[in-house]
Amino acid sequence: MTPPAGVRSLTAGLRGCLLLHWPQEPLRRPGSRGRTPAKGSFVSIQVFGLPVSRGVAIGRAVLVASSRVDVAHYFVEASQIEPEVQRLRAARDLVVEELTALKQEVPEDAHAELVGILDVHLMLLQDEMLSEATRQWIVERHYNAEWALSTQLEVVARQFDEMEDEYLRDRKADLEQVVERVIAALGRLGGDAVRDATSHGARDFAGEDPLVLVASDIAPADMLKFKRSVFTGFVTDVGGRNSHTAIVARSMDIPAVVGAREASRIVTQDDWIIIDGDAGVVIVNPSPIVLEEYRFRQRQVELERARLDRLRHTPAVTLDGQPVELLANIELPSDAQAVLDAGAVGVGLFRSEFLFMNRVGGLPGEEEQYEAYSRVVKALAGLPVTIRTVDIGADKPLDTNQEERHEHTLNPALGLRAIRWSLSEPEMFGEQLRAILRASAHGRVRMLVPMVAQMREVRLLFDAIERAKTQLRARGQAFLDVAIGAMVEVPAAAIMLPTLLQHFDFVSIGTNDLIQYTLAIDRADEAVSHLYDPWHPAVLQLVARTISTANALGKEVSVCGEMAGDPAFTELLLGMGLRSFSMHPTQVSSIKKRILRVNAAAWAGRIDLVVEAEDPQAICARLHTAASSPDGG
Ligand code: PEP
Ligand code: MG
């Protein structure tokens with residue numbers, strides 16, 4: 001069927017436009033690559049954001065649109081380049097076949113525009129400029145086909161954005177749809193596409209330029225896919241310092257800046273950039289002198305890391321002899337080894353929700369969860385493993401649809417999140433409770449419940465746990481004693497702690513949410529991130545009160561929010577009486593280093609002065625100066 005005249009002229013116009021604007025040489029030749037950006041005329045730009053993960057990353061930018069973040073990113077071995085190009089071709093041919101068949105099925109009386117759209121898609125698909133440029137990313141950079149295709153899409157999409165003709169500009173959506181189809185076809189073809197980005201990305205690709213990821217936004221679950229990936233740094237336009245995306249970036253221990261607003265618009269594919277994760281600055285196309293300065297800082301950070309590594313097996317004991325428990329926070333069972341490598345003495349927070357997010361084909365069932373939890377419990381060999389029941393909601397949606405749903409929810413952080421969601425899904429919750437209980441047969445398991453705020457929820461929770469135990473007994477399945485703890489992350493829980501502790505065996509303070517809910521600041525919203533203040537007296541008073549109440553009642557208390565891994569708060573928390581900290585494995589050594597130098601008793605005497613001050617941070621700084629004098633603590 002011939003496209004109608006209007007569409008024919010559109011396609012002709014579109015093709016003309018593509019020939020004009022499509023990058024004729026989208027990649028630098030391999031010879032022009034090297035450790036240093038090319039000298040010559042360049043415009044260096046600084047973009048400011050929020051520092052979320054320390055250190056310096058220097059590399060070439062890989063721009064990724066949020067919707068395509070979850071495509072696999074890995075390097076293809078030299079011997080696999082031709083097969084990878086063939087795979088791309090096969091996927092494209094498959095989509096051409098699909099679209100051609102679809103066109104033939106369009107009834108005669110159907111809207112002519114529909115056929116026209118299919119023609120535009122076929123034309124885009126078969127345009128050598130798209131396939132040739134994508135092929136180049138594979139051949140020259142060794143990107144896998146999905147990565148090459150989404151990279152090229154970013155390049156071309158930007159050119160569409162800049163077109164003056166609105167009608168042509170809108171064709172970007174067609175291009176995106178075509179690329180999505182080819183990516184889906186690559187998945188169906190299998191082969192390399194089934195490779196997991198996380199397991200293959202870690203390969204040392206000697207001689208290649210390091211890569212940093214730049215995206216408008218990355219969902220926490222997508223961020224997780226980049227663990228042990230090829231990227232050495234991250235920048236996102238949106239996000240707060242303690243958003244879950246930022247937390248996952250921090251857990252990877254690679255420099256990251258979030259809330260950099262315009263970054264993904266300013267940076268272009270393949271630009272050299274520096275990410276200063278301490279200052280929250282991104283430098284695009286740095287001058288050679290700036291680059292040299294940052295390379296020096298990079299070496300300093302590496303030296304400091306090597307020094308800290310030596311503390312791994314040193315017990316954490318304060319100057320005045322107080323032993324301190326340093327636990328680790330994890331997201332996935334595969335993180336268990338990092339806990340042991342860091343010298344942590346257990347898991348203080350296993351964020352089980354990451355097993356539930358971005359799944360194809362339903363939520364994980366009891367068996368799958370049991371396997372996942374048991375894997376960690378067995379790996380920890382008798383050390384405690386604190387498994388938190390699922391904390392879905394707010395900035396951790398189950399999937400994209402859920403995310404869309406949340407966009408229409410006025411206040412997702414105040415909505416059906418954590419224990420509230422679990423209690424509203426009794427079947428799902430029963431499966432999780434049974435899986436956690438069963439994992440206790442392999443070691444020391446503790447169960448932690450997020451966002452506890454109401455006694456009604458507490459009663460329903462314990463009923464559900466009893467029901468799960470009864471079911472396991474009826475099935476003859478083993479489980480041991482599991483201590484049940486509550487997260488103190490809503491002010492209500494901190495205020496009514498004595499009542500809560502009549503029911504729970506221990507508490508863990510989630511400072512990330514306690515700050516959010518005490519100060520009414522969405523932790524994921526960069527527009528109010530300057531008001532997200534862990535030093536706020538109200539926050540510190542709630543933390544101090546929770547620790548002292550739990551200690552007085554003889555119940556274990558830990559802090560598992562980001563405050564535990566921030567050395568700025570170590571003295572203060574020890575002075576409040578805290579003896580159990582849980583943090584990212586990568587933070588354990590630096591907190592230990594700090595603990596070894598603290599006189600906890602001396603700081604205990606200073607706590608009231610700090611938490612009752614109008615500006616606790618300033619008082620703390622003054623006390624530090626005094627404490628570093630010869631007779632200080
Ligand atoms: C917290 O709120 O401090 C916490 C540890 O939980 P999450 O960051 O997963 O909300
Ligand atoms: Mg929380």
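A residue counts as buried when its relative accessible area is under 20%, and as exposed when that area is over 50%. By this rule Leu130 is buried, because its relative accessible area is 5%. The structure shown is a predicted model.

**The magnesium ion**

- The magnesium ion, ligand 2, is coordinated by two residues, Glu489 through OE and Asp513 through OD, at 2.0 to 2.1 Å.
- Glu489 belongs to the loop between strand E13 (483-488) and helix H19 (491-495), whereas Asp513 belongs to helix H21 (residues 511-519), so the pair ties together parts that are 24 residues apart in sequence.
- Glu489 has a relative accessibility of 2% and therefore counts as buried.
- Asp513 likewise counts as buried, because its relative accessibility is 2%.

**Ligand 1 and its contacts**

- There are 17 residues around ligand 1, and those that come nearest are Arg351, Arg388, Gly510, Asn512 and Arg523.
- Asp513, which also coordinates the magnesium ion, has a polar side-chain atom 2.9 Å from an oxygen atom of ligand 1.
- The protein covers 100% of the accessible area that ligand 1 has on its own, which is 290 Å².
- A polar side-chain atom of His244 also lies 2.9 Å from an oxygen atom of ligand 1.
- In the side chain of Arg417, an N or O atom is 3.2 Å from an oxygen atom of ligand 1.

**The space and the shell around ligand 1**

- Which cavity does ligand 1 take up? The space taken by ligand 1 is the largest cavity.
- At least two residues of the shell around ligand 1 come from each of helix H10 (244-251), strand E10 (347-351) and H21.
- Helix H21 gives the most to this shell, with 3 residues.
- Helix H21 also holds Asp513, one of the residues that coordinate the magnesium ion.

**Buried residues elsewhere**

- Leu130, the residue used in the opening example, lies in helix H4 (residues 128-141).
- Leu130 and Leu153 are 23 residues apart in sequence, and their C-alpha atoms are 8.3 Å apart in space.
- Ser440 is located in the loop between helix H17 (426-439) and strand E12 (444-449).
- Is Ser440 buried or exposed? Ser440 counts as buried, because its relative accessibility is 1%.
- A polar atom of the Ser440 side chain lies 2.7 Å from the backbone nitrogen of Leu480.

**Residues with positive phi**

- Arg261 has a phi near 35 degrees, which is a positive value in a residue other than glycine.
- Where is Arg261 found? Arg261 is in the loop between strand E6 (256-258) and helix H11 (263-266).
- Arg261 is exposed, because its relative accessible area is 51%.
- Ala394 has a phi near 55 degrees, again a positive value in a residue other than glycine.
- Ala394 lies in the loop between strand E11 (384-388) and helix H15 (400-407).
- Ala394 counts as buried, because its relative accessibility is 16%.

Technical notes. Residues are numbered from 1 along each chain as its sequence is written. Chains are lettered from A and ligands numbered from 1 in the order in which they are written. This is a predicted model: local features need pLDDT of at least 70, side-chain atom pairs count only at pLDDT 80 or more; totals for chains, interfaces and linings use all residues. Side-chain values use heavy atoms; hydrogens and water are left out. Donors are N, O and S atoms within 2.8 Å of the metal (3.2 Å for Na, K and Ca); water is not among the atoms, so sites may look incomplete. Helices (H or I, at least four residues) and strands (E, at least two) are DSSP runs, numbered from the N terminus. Buried means under 20% relative accessible area, exposed over 50%, partly exposed in between (1.4 Å probe, protein chains only). A residue is near a molecule or strand if one of its heavy atoms lies within 4 Å of it. A polar contact is a pair of N or O atoms within 3.5 Å; within protein, one must be able to donate a hydrogen and the other to accept it, and residues adjacent in sequence count only if both atoms are side-chain atoms. Accessible areas come from the Shrake-Rupley method with a 1.4 Å probe; for residues, only the protein chains shown count as cover. On a 1 Å grid over the protein atoms alone, a cavity is a set of points where a 1.4 Å probe fits but cannot get out, and a pocket is an open set with protein on both sides within 12 Å along at least five of seven lines; lining residues have an atom within 4 Å of a point. A molecule sits in a cavity or pocket if more than half of its atoms lie within 2 Å of its grid points.
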